[in-house]
Amino acid sequence: MPKLSQWMFACVLMTFASLAFAADKINLLIIDGQHNHAWAKTTEAIKEMMIKTDRFNVEVATLKNKQESEAFKPDFTKYQVVLMNYHGSAFSEETQKAFEKFVQDGGGLAFYHAAVFSFAKWDNWNKMMGLGWRDNKFGDRISIDDAGKIVRTPKGEGPGGSHGPAHEFQVITREKDHPITKGLPEKWSHVKDELYHGQRGPAENMEILAISPSLKEKGGTGTNEPMVWAIPVGKGRVFVSLLGHDVPAISDPNAALILMRGCEWAATGAVTIPVK
Ligand code: ZN
């Protein structure tokens, strides 16, 4: 009997120890579904990389259709950051308000690649995202000239959201001291991916962390496009990375690192995941 009770006591201790350890981690909710990308595969790859950092507990909410989107009512207070790998039917007004409150109260919101297509009619969503895949009448466009200066193009002028054929392209670290990009190479060659250009939106309070030269001969715009940015919203933080059309693209070491560190920063305002 003493042996059995000791063993049970040890089990209880171990259970508490693992719960306590898990409680130190960031609770990340990935929302996915409904778009023309291999979202189930990219979510799986992202979930795996996040768990490997030992920084995140990951839950996935998959919304397969309009009914599931309309009924979606997560308890946002369970999470520190929500990562969007979704664009599809609108959420209920109640869920939209709860989502906005979550970020305003200090939560993190991360957008990844095609998630910037989401919810064009939701004004506060567009404000939180800064820029998204919209037509050129939707809002301002932001590009960066070769001197590093931000150029704002008004709505109606210049290209709207698009991309040329997927190809390998360069990414340049623009903000070397931001927690997300600190220690990353000054520039690197990103694997074959879609280089989004002409993104449109309110573009307020954006801190543009990384950019890519969008070459005309590759179907691009001939200027530098924002690739990664951060926006403070209330007490919370928004992070956007346009990189990662498919599993090989989001598995590119620097694109993956930016996504992992971006989610950590959005959750806590700091980054501990190292550049290897
Ligand atoms: Zn894509």
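Reply: Start with helix 2 and helix 7, which are roughly perpendicular to each other. Keep in mind that this is a predicted model.

Me: What are the distance and the crossing angle behind that reading for helix 2 and helix 7?

Reply: Two packed helices are described by the angle between their axes and the distance between the axes. Here the axes of helix 2 and helix 7 come within 10 Å and cross at roughly 65°. Angles of 65 to 115 degrees count as roughly perpendicular, so helix 2 and helix 7 fall under that heading. The crossing of helix 2 past helix 7 is right-handed.

Me: Which residues of helix 2 and helix 7 make the contact?

Reply: Helix 2 contributes I46, M49 and M50, and helix 7 contributes A256, L259, M260 and C263.

Me: Now the core. Which residues have the most contacts inside the largest nonpolar core?

Reply: That core has 77 residues, and those with the most contacts inside it are I31, M50, M84, F91, F99, F111 and W125. Helix 7 supplies its largest share, ten residues.

Me: How many salt bridges does a search of the whole structure find?

Reply: The search finds twelve. One of them joins the side chains of R55 and E264, at 2.6 Å from N to O. This pair links distant parts of the chain, 209 residues apart: R55 is in the loop between helix 2 and strand 2, and E264 is in helix 7.

Me: Are R55 and E264 buried or exposed?

Reply: Both R55 and E264 are buried.

Me: Which residue forms a salt bridge with D140?

Reply: The partner is R152, with the closest N and O atoms 2.9 Å apart. D140 lies in strand 5 and R152 in strand 6, so the pair ties together parts twelve residues apart in sequence. R152 has 43% relative accessibility and therefore counts as partly exposed.

Conventions
Residues are numbered from 1 along each chain as its sequence is written. This is a predicted model: local features need pLDDT of at least 70, side-chain atom pairs count only at pLDDT 80 or more; totals for chains, interfaces and linings use all residues. Side-chain values use heavy atoms; hydrogens and water are left out. A salt bridge is a side-chain nitrogen of Lys or Arg within 4 Å of a carboxyl oxygen of Asp or Glu. Helices (H or I, at least four residues) and strands (E, at least two) are DSSP runs, numbered from the N terminus. Buried means under 20% relative accessible area, exposed over 50%, partly exposed in between (1.4 Å probe, protein chains only). A nonpolar core is a set of buried Ala, Val, Leu, Ile, Met, Phe, Trp, Tyr and Cys residues joined through side-chain atoms within 4.5 Å. Axes are lines fitted to C-alpha atoms, for helices over the stretch in contact, and angles run from 0 to 180 degrees between N-to-C directions. Angles under 35 degrees count as roughly parallel, over 145 as roughly antiparallel, 65 to 115 as roughly perpendicular and the rest as oblique. A crossing is left-handed if the near helix is turned anticlockwise from the far one by less than a right angle, and right-handed if clockwise. Contact means heavy atoms within 4.5 Å.
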